[in-house]
Amino acid sequence: NNKKVSGFINRYRCKDGSYKYIEWQSQPGVGNFTYSSARDVTEKKQKEQELQHLSYHDQLTGLYNRQFLNTIIDDEMTRSENYEQKLTLCIMDLDHFKHVNDTWGHPIGDELLKLTAETALEHKRNSDLLIRFGGEEFVMLMPGTNLDGAIVSLEKIREAIASMNHPVTGKQTISIGIAERMKHESFFDWYKRADEALYRAKRGGRNRVEASV
């Protein structure tokens, strides 16, 4: 009765290019024999992947969500310290978004959020992680990036959003606050500095990038 059951899951590529997941289980039999069984668990795997995708992505924009950031942020901060790499955080906030919702309603506001997300995604660098933090606020984590590099990259995003033209709301702008993480700085303090820079961008006339120094 001490016979050990072992199992693993293999992914196989089918002729049509799709993938199937097969779960194998085996246990020692009589003498030198081993009993093995296999079952198709593709549907189960797909449901697991869909649930994980939903838990880490914002349903409206398709961007990563706050839960995803909570999951990765400690590892990202540790990695940047271990490899002595810069790590910069930016907070982007749509200007006068309340006016959009109050004037044209939330469905138009949602359209504008999606358009903003698409534009930012199109102009960001591949290494940057764009997250919808809540409401009209977006956060971007920029690994291996110092303050100067972040400013250059974010100015491109700011200009691209200022150039887009929604058929109902017309031109829209975004204010951006950024902070390069200090050594051993907590996420709370780091985020607070980026948020203070965002406030300065709003107070300074909006449609601008402000850095915490």
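The model is predicted, so I kept the limits in mind: local features need pLDDT of at least 70, side-chain atom pairs count only at pLDDT 80 or more, and totals for chains, interfaces and linings use all residues. Residues are numbered from 1 along each chain as its sequence is written, and side-chain values use heavy atoms, with hydrogens and water left out.

I looked up the pairing next. Strand S2 (residues 19-28) and strand S3 (residues 34-40) run antiparallel over seven bridges; two strands pair if DSSP finds at least two bridges between them. Strands (E, at least two residues) and helices (H or I, at least four) are DSSP runs, numbered from the N terminus. I found Trp24 bridged to Ala38 in S3, and Ser26 opposite Ser36 in S3.

I then traced the open sheet, which has three strands in the order S1-S2-S3 with antiparallel pairing. Strand S1 (6-13) and S3 are the edge strands, each pairing on one side only.

Last, I checked the helices. Helix H3 (residues 97-104) packs on helix H4 (residues 106-123) at an angle of about 140 degrees, with the axes 7 Å apart. Axes are lines fitted to C-alpha atoms, for helices over the stretch in contact, and angles run from 0 to 180 degrees between N-to-C directions. In contact (heavy atoms within 4.5 Å), I listed Phe97, Val100, Asn101 and Trp104 from H3 against His106, Ile108, Gly109, Leu112 and Leu113 from H4.
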